[in-house]
Amino acid sequence: MTERGFIVQLKGYGLTTAEIHFYRSDAPSLLQLFVWQEYDLAPDFPVLFEFLDHWRREIEAALHSVRIAHDRLICPTEWRAVDGVIAIQ
């Protein structure tokens, strides 16, 4: 886990995975899948919707459906500050 990922989790973000099904303009009969994953805030998903807005504006592929999974990896009951050093030999 990166430092950025840990910090955003402490701010309440959780890991969001989106399965984006789409049709490309050069193969309109072929349904394709793109998997997107980022830290985001449920239930509004501002990061995901910003990405989907970018997709609609910039990518020449028609969206078919989006399936979302979200999990907060660090919850308030699981996090506590520890003061001390633990020696492992």
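Select D26 and R24 to begin: the two form a salt bridge, with the closest N and O atoms 2.4 Å apart. (Salt bridge here means a side-chain nitrogen of Lys or Arg within 4 Å of a carboxyl oxygen of Asp or Glu.) D26 counts as exposed at 54% relative accessibility, while R24, at 35%, is partly exposed. For those labels, buried is under 20% relative accessible area, exposed is over 50%, and partly exposed lies in between, using a 1.4 Å probe and protein chains only.

A word on what you're looking at: this is a predicted model, where local features need pLDDT of at least 70 and side-chain atom pairs count only at pLDDT 80 or more, though totals for chains, interfaces and linings use all residues. Residues are numbered from 1 along each chain as its sequence is written, and side-chain values use heavy atoms, with hydrogens and water left out.

Now switch to cartoon and pick out the strands. Three of them form an open, antiparallel sheet in the order 2-1-3. Strands (E, at least two residues) and helices (H or I, at least four) are DSSP runs numbered from the N terminus, and two strands pair if DSSP finds at least two bridges between them. Strand 2 (27–40) and strand 3 (61–71) each have a single partner strand, so one side of each is left without a neighbour in the sheet. On average, neighbouring strands are turned by 15 degrees against each other, direction ignored. Axes are lines fitted to C-alpha atoms, for helices over the stretch in contact, and angles run from 0 to 180 degrees between N-to-C directions.

Next, colour residues 14–24, which make up strand 1: its antiparallel pairing with strand 3 runs over 10 bridges. Click on L15, and look for its bridge partner in strand 3, D71.

Stay on those two strands and select E19 and R67. Their side chains meet in a salt bridge at 3.2 Å, N to O, tying strand 1 to strand 3 across 48 residues of chain. E19 is partly exposed at 24%; R67 counts as exposed at 54%.

Which residue does E38 meet in a salt bridge? Select R4: the N to O distance is 2.8 Å. This pair joins strand 2 to helix 1 (residues 3–10), 34 residues apart. Both ends are partly exposed, E38 at 25% and R4 at 47%. The structure holds four salt bridges in total.

Last stop: show residues 46–58, helix 2, which lies across strand 1, strand 2 and strand 3 and runs at about 150 degrees to strand 2.

Key
Contact means heavy atoms within 4.5 Å.
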